[in-house]
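Here are my notes for you, in a few numbered points.

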Amino acid sequence: MPRRPIDLTLPDLTGRRAVVTGASDGIGLGIAARLAEAGAEVVLPVRNQRKGEAALAEIRRRTPHAEVSLRELDLSSLASVAALGNVLRQQDRPIHHLVNNAGVMTPPDRQTTTDGFELQLGTNHLGHVALVTHLLPLLRAGRARVTSQVSIAANQGAINWDDLNWEQSYDGMKAYSQSKIALGLFGLELDRRSRAAGWGITSNLAHPGIAPTSLLDARPELGRSEQTLARRLIGALSRRGWVVGTAGTAGLPAVYAVASGDAEGGGFYGPRGLVHLGGPPGPQRLYSRLGDTEQARRIWDVSMELTHAPAMDA
């Protein structure tokens, strides 16, 4: 069945600076390409320089005069996040759009970051928390829109407050859900605190539905030697145009959330197709696990402490 193309019109983003994590391939590359196509200057902080160069070439192939550049970033290292923050602050140029998109998913066995955090908590959540705090002056100067990419996994599971680092009984899927719930709670708390303190930042959430991306591919560095059965099934459904999205369409909710004039701070955006697994982007009902403001304040405080973030007055 032919898949209908999805039309998403963005405003002219000429003169605006965007930072997109995880843009060396997959969903992140699609997000960065769409923002560059709309005229934004796009910064791609990447861990793998070779993949980053390939991403630059692909964006320039689509938009020959795109303003796009690479920076080094390993979200699993707080020192790397701080180094990127220092580089961008030294440039002293406002950031208008930030997409917290990068992530890892379900290593079969528990792994840790450079700083000793469970890998998914440290990369998907704490790395992005640290990035926001290091970039805060630039985000304020740009009256930025920050969009944090969560997942349908944030609609299940919970924050494991008794064992945030999963040292007692590791479960890859539960740890992944926790990382996305934590990031979602932080993203909405950022919007509330910005409104209260007059930072000028708006912050919202997006989710990509389900699509065949590299998250569940063979990832030897994560201890996964071959593509998962779930990834093969998602790929088959996507090729037939059934229910789920594609790597290209899955990034559109985040593009909509971070750049569309119709998206708002505190909003939640995702695919509007069957059970929100694919289709054109639009507003979604907030997952129940993301609506608890007490938990959001708690994860904010814990995250600030764990990342040794500079004080952010509320």
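1. Start with isoleucine 59, which you'll find in helix α2 (residues 49-62). Helices here are DSSP runs of H or I with at least four residues, strands are E runs of at least two, and both are numbered from the N terminus. One thing to keep in mind throughout: this is a predicted model, where local features need pLDDT of at least 70, side-chain atom pairs count only at pLDDT 80 or more, and totals for chains, interfaces and linings use all residues. Residues are numbered from 1 along each chain as its sequence is written, and side-chain values use heavy atoms, with hydrogens and water left out.

2. Is isoleucine 59 buried or exposed? It counts as buried because its relative accessibility is 1%. Buried means under 20% relative accessible area, exposed means over 50%, and partly exposed is in between (1.4 Å probe, protein chains only).

3. Now look at what surrounds isoleucine 59. Setting aside residues up to four places away in sequence, it touches Leu29, Ala32, Ala33, Ala36, Leu44, Ala66 and Val68; contact means heavy atoms within 4.5 Å. Take alanine 36: it sits 23 residues from isoleucine 59 in sequence, with 7.6 Å between their C-alpha atoms.

4. Compare serine 80, in helix α3 (residues 78-91). Serine 80 has a relative accessible area of 18%, so it is buried too. Apart from neighbours within four places in sequence, its contacts are Leu73 and Asp74.

5. Next, a helix pair. Helix α4 (residues 119-141) packs against helix α5 (residues 172-197) at about 15°, with the axes 7 Å apart. Axes are lines fitted to C-alpha atoms, for helices over the stretch in contact, and angles run from 0 to 180 degrees between N-to-C directions. That angle is why α4 counts as roughly parallel to α5 (under 35 degrees is roughly parallel, over 145 roughly antiparallel, 65 to 115 roughly perpendicular, the rest oblique).

6. Who makes that contact? Residues including Leu121, His125 and Val132 of α4, and Ala175, Phe186 and Leu190 of α5. The contact residues divide into nine nonpolar, seven polar and one charged. Ala, Val, Leu, Ile, Met, Phe, Trp, Tyr, Cys and Pro count as nonpolar, Asp, Glu, Lys and Arg as charged, and the others, Gly among them, as polar.

7. Finally, zoom out. The protein has eight helices and eight strands, and 57% of its 314 residues are buried.
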